[in-house]
Amino acid sequence: MNNIKQLDSEYVANTYNRFDLCLTHGKGSIVYDENGKEYIDLGAGIAVNTFGFADKVWQEAICNQAAKLQHTSNLYYTEPCVTLAKMLCESTGMKKVFFSNSGAEANECAIKAARKWAHTEKGSEYSTIVTLKNSFHGRTIATLAATGQDGFHSEFYPFPEGFVYATANDIENLQKTVADNKCAAIMIELVQGEGGVLTLTTDFVKAVFEIAKDNNLLVIIDEVQTGNGRTGALYAFMNFGVTPDIVTTAKGLAGGLPLGATIFSEKVQNTFTPTSHGSTFGGNPVCCAGAVSILERLDEDLLSEVKKKSDYIIKELTSAVGVVSISGMGLMLGIEIEKPIKETIAECMSRGVLVLSAKNKLRLLPALNIPFEQLQKAVNIIEEVLAL
Ligand SMILES: *Cc1c(COP(=O)(O)O)cnc(C)c1O
């Protein structure tokens, strides 16, 4: 550990506050450190390892693909990419997919598509993207500009123009923001993950779509974190009964491999034309084969399991000592606690449970297939720690 920690601090750019823990291998929701100590993982690599560590089905899918063809560039057709695109379209009712390698890139692509759509439909001055305060859309310069949190901005000016921020769950403020700017699109997370696991109200989400309709704007839903079964629906927008124009996703899509997807509805399916956009790695066969194997298993049974586990966590922790409130949806939950967050995470870790934070909350993002007994054991340990 000390050796790895030292090499990391010597050679890896100092951008992460890592926990004092070096992980070596895992199986499902159990993961081990280099001393062989076992942990129940409630973080899933920040909502990425949809079926936990080293899942057999996923492993086979990616190993088989890697043994055949690992990359071709987008100059050639490959089968996993089209299979995955078809699955994404058929399961969302949308029409076309652009593949990239991360959430930020999926959002960059959505921003470009919205601007190009508006350029053709409304005139190039209608380029502004309205996002929400407290949002998180990525770390590239444009997606940072889209991110409505000053804390992320201060040291990285100048940003590209054309991003304005409305207040989440404040319909009047959104109306005014749209009226005051020449807009192309409204871009939102339905549950603000990094912002503290805050779910938008149904009324506000409905209003977003009405305001967009009245003003001829696109609605982009950032499902980088909420997508791929995380909230108990395949995509979170399905919980709200709305029909977005563009959906972006990444994190859990390929179960632990880097893959971003920007999914276009009928309205924008032909916005991009050859040379509009591209990515060297985008649609990588190994990542897409992994994603196909994940999506195939996100069926009604699995989603209903997600809801049951969510209900269990909420019920158990609502009545627990030291819990102030619980927010979020499905297996994307934020627990507001009385105790300081850092110490709580450290104490959970020392008792063999890995949890995350978002702002001042405990954040739980377990693998969707975490066995109930492991979940129960982990939740009990959290309760013990909160009651200390
Ligand atoms: C994580 C996240 C991103 C950024 O994804 P990266 O893969 O880190 O680029 C964007 N939007 C949301 C909502 C996220 O949770």
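Reader: How are α11 and α12 placed, oblique or parallel to each other?

Author: They are oblique to each other. Keep in mind that this is a predicted model. To read such a pair, start from the angle: one under 35 degrees counts as roughly parallel, one over 145 as roughly antiparallel, and 65 to 115 as roughly perpendicular, with the rest oblique. Here helix α11 (residues 341–350) packs against helix α12 (residues 372–387) at about 130 degrees, and their axes are 10 Å apart. The α11 and α12 crossing is right-handed.

Reader: Which residues in α11 and α12 meet?

Author: On the α11 side they are T344, E347 and C348, and on the α12 side I382, V385 and L386. Sorted by class, this contact of α11 with α12 has four nonpolar residues, one polar and one charged.

Reader: Let me try another pair. At what angle do the axes of α3 and α9 cross?

Author: Helix α3 (residues 56–68) and helix α9 (residues 285–295) cross at roughly 150 degrees, and their axes come within 8 Å. That is why α3 is roughly antiparallel to α9. The handedness is read separately from the angle class: the crossing of α3 and α9 is right-handed. From α3, the contact takes in V57, W58, A61, I62, Q65 and A66, while α9 supplies P285, V286, A289, G290, S293 and I294.

Reader: What does that contact of α3 with α9 have by class?

Author: Nine nonpolar and three polar residues, and no charged residues.

Reader: And how do α7 and α8 pack?

Author: The angle between α7 and helix α8 (residues 202–214) is about 20 degrees, with the axes 10 Å apart. This makes α7 roughly parallel to α8. Their crossing is right-handed. I171, L174, Q175 and V178 of α7 make the contact with D203, F204, A207, V208 and I211 of α8. The class count for α7 with α8 is seven nonpolar, one polar and one charged.

Reader: Now to the backbone. What should I expect of phi and of peptide bonds in general?

Author: Most residues other than glycine have a negative phi, and most peptide bonds are trans. Two places in this model are worth a look. N169 is not a glycine, yet its phi is positive, about 65 degrees. You can find N169 in the loop between β6 and α7 (171–179).

Reader: Which is the peptide bond from Y157 to P158, cis or trans?

Author: The Y157 to P158 bond is cis, and its omega is near 0 degrees. P158 has its place in the loop between α6 (141–146) and β6 (163–166).

Reader: Last, the ligand. Which residues surround the ligand?

Author: The ligand is surrounded by S102, G103, A104, N107, F136, H137, G138, E189, D222, V224, Q225 and K251. Next, ask whether a pair involves backbone or side chain. At G103, a polar backbone atom is 2.8 Å from an oxygen atom of the ligand. At Q225, a polar side-chain atom lies 2.8 Å from a ligand oxygen atom.

Reader: How far is the polar side-chain atom of K251 from an oxygen atom of the ligand?

Author: For K251 that distance is 2.7 Å. As pairs of N or O atoms within 3.5 Å count as polar contacts, you can check each of these pairs against that cut-off on screen.

How values were computed: Residues numbered from 1 in each chain as written. Predicted model: local features only at pLDDT ≥ 70, side-chain atom pairs only at ≥ 80, totals over all residues. Heavy atoms only, no water. Axes fitted to C-alpha atoms, helices over the stretch in contact; angles between N-to-C directions. Helix = DSSP H or I, 4+ residues; strand = E, 2+ residues; numbered from the N terminus. Left-handed = near helix turned anticlockwise from the far one by under 90°. Contact = heavy atoms within 4.5 Å. Nonpolar A, V, L, I, M, F, W, Y, C, P; charged D, E, K, R; others polar. Near = heavy atom within 4 Å. Polar contact = N/O pair within 3.5 Å; in protein donor to acceptor, adjacent residues only side chain to side chain.
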